[in-house]
Amino acid sequence: MSTAAPAERGPLGGVRVVELAGIGPGPFAAMLLADLGADVVRVDRPGGPGLGIDPAHDITNRNKRSIVVDLKSPDGAARVLDLAERADVLVEGYRPGVAERLGVGPADCHARNPRLVYGRMTGWGQDGPLADRAGHDVSYIALTGALGMIGHPGSPPAVPANLLGDYAGGSLYLVVGVLAALHHARATGTGQVVDAAIVDGTAHLSAMIHGMLSAGAWQDRRGTNLLDGGCPCYGTYETADGGYMAVGALEERFSAEFLRLLGLDDLQGARADLTRWPELRAAIAARFRERGREEWTALFADSDACVAPVLSLREAPHHPHLAARGTFTDHGGITQPAPAPRFSATPTAVRTGPALPGADTEAVARDWDIPALTGDARPTPAAD
């Protein structure tokens, strides 16, 4: 069923966004814009969802509206250009050159709307030797050096789901770029193209590490450094019941409290001595295996030892701190992360569930004043 025009809630109330449907980082970026209050219209393709799950469960399409347009049909490009003419932002995630071949590239859109911010989400970027090649998150983060940092020495790099590349290095950088370009467009009247490449964003995320590498404070191999699990006071340990505890006791005062609560006061000096790290790690691991996860959670609950239980996706929403903050929310029977970050004057919310393909065509045609979207090409009556 169609939804009403989204209420202007959140700091982006009144901003119009066109999303050309894709999977992964593009939809997530558009969801973030929608969470922030933008009116996001997703242009879905005929033939079903790209993600391969029931569209009613695709949370990345929440707070959006959907129409279906076949861009390969004779009037497909014209319908998208009608939307672009009335939009502030357009987001697409095609391979370089595809949008141009379909007639909805930056030049086509800017001819209709010079103020438009045209956001492009790709893995390799719009140029470079690999620009036309296929890839996925793990491919992109591999070349940046980020993947090689993650995991234990002597073991294959650990794949961090698709969070590091697709969403951190991709979606979030696209949104930052789009908002910066939108600010510029509103100040100057001139839109522009935002080239958000996952390789660029992921590389940028490692800026601090590169600084430490240059200063000689980081070894260019995984599992041997302060922040990559090399330090015994920064990592994860298995408990007696097969659970895990995460330890982040980096600073001396935190590690001192951590070791005191573990009953390992005799090893206080080992934290600062690299040659004693294997001894310290073995002692910590042995101690954690003496009790279950919940016992350790209770022991460290009121301390500054920087220790937390490693929770599963289904457990996380029930943690007392996250529950108190409303970090997760339920909407339409789906437990999901609540919009973030939070705003004091323009609060955000999950306003609607996932947009179903094509369900909002009539509402969008009315609200954006594009009768042709519904096949009704009758002109809008002029105001008296």
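Buried means under 20% relative accessible area, exposed over 50% and partly exposed in between, with a 1.4 Å probe and protein chains only. The legends below describe a predicted model, in which local features need pLDDT of at least 70, side-chain atom pairs count only at pLDDT 80 or more, and totals for chains, interfaces and linings use all residues. Residues are numbered from 1 along each chain as its sequence is written, and side-chain values use heavy atoms, with hydrogens and water left out.

**View 1. The protein chain with its 13 helices and 11 strands.** Helices (H or I, at least four residues) and strands (E, at least two) are DSSP runs numbered from the N terminus. The C-alpha atoms fill a box of roughly 85 × 45 × 40 Å, taken along the principal axes. Of the 384 residues, 43% are buried. Among contacts (heavy atoms within 4.5 Å) with a separation of 6 or more, 66% are between residues 24 or more positions apart. The chain is divided into domain 1 (16–205 + 339–373) and domain 2 (234–311), with bounds that come from an automatic or database domain assignment. The centres of domain 1 and domain 2, taken over C-alpha atoms, are 42 Å apart.

**View 2. The open sheet of six strands, in the order β3-β2-β1-β4-β5-β6.** The pairing in this sheet is parallel; two strands pair if DSSP finds at least two bridges between them. β3 (64–68) and β6 are the edge strands, and each pairs on one side only. From one strand to the next, the twist averages 20 degrees. Axes are lines fitted to C-alpha atoms, for helices over the stretch in contact, and angles run from 0 to 180 degrees between N-to-C directions. Helix α2 (residues 76–86) lies across β1 (16–20), β2 (39–44), β3 and β4 (89–92), and runs at about 150 degrees to β1.

**View 3. Strand β5 and its two partners, β4 and β6.** Six of the six residues of β5 are buried. Val117, Gly119 and Met121 lie on one side, with Tyr118, Arg120 and Thr122 on the other, and both faces are covered. β4 and β5 run parallel and are joined by four bridges, with Leu90 opposite Tyr118 of β5. The parallel pairing of β5 with β6 extends over six bridges; here Met121 has Ala196 of β6 as its bridge partner.

**View 4. Helix α7 (residues 198–205) and its buried residues Ile198, Val199, Gly201 and Thr202.** These residues cover an arc of only 165 degrees around the axis, which puts them on the same side of α7. The arc is that of the directions from the helix axis to the C-beta atoms. Their cover includes α1 (25–35), β5 (117–122), α5 (137–144), α6 (163–188) and β6 (192–197). α7 lies across β5 and β6, at about 65 degrees to β6.

**View 5. The open sheet of three strands, in the order β7-β8-β9.** The pairing in this sheet is antiparallel. β7 (234–238) and β9 (307–309) stand at the edges with a single partner strand each, so one side of each is left without a neighbour in the sheet. On average, neighbouring strands are turned by 20 degrees against each other, direction ignored. Three bridges make up the antiparallel pairing of β8 (residues 244–248) with β9, and Ala246 has Ala308 of β9 as its bridge partner. Helix α10 (residues 277–288) packs on the sheet and touches β7 and β8, its direction making about 40 degrees with that of β7.

**View 6. The hairpin of β10 and β11, with two residues between the strands.** Strand β10 (residues 328–331) and strand β11 (residues 334–337) run antiparallel and are joined by four bridges. Phe328 stands opposite Pro337 of β11. Gly332, in the hairpin, takes a positive phi near 60 degrees.

**View 7. Residues 376–384, where the pLDDT is below 50.** pLDDT is the predictor's confidence in each residue, from 0 to 100. The chain has a mean pLDDT of 93, and 95% of its residues reach 70 or more. Where pLDDT is low, the predicted coordinates should not be read in detail.
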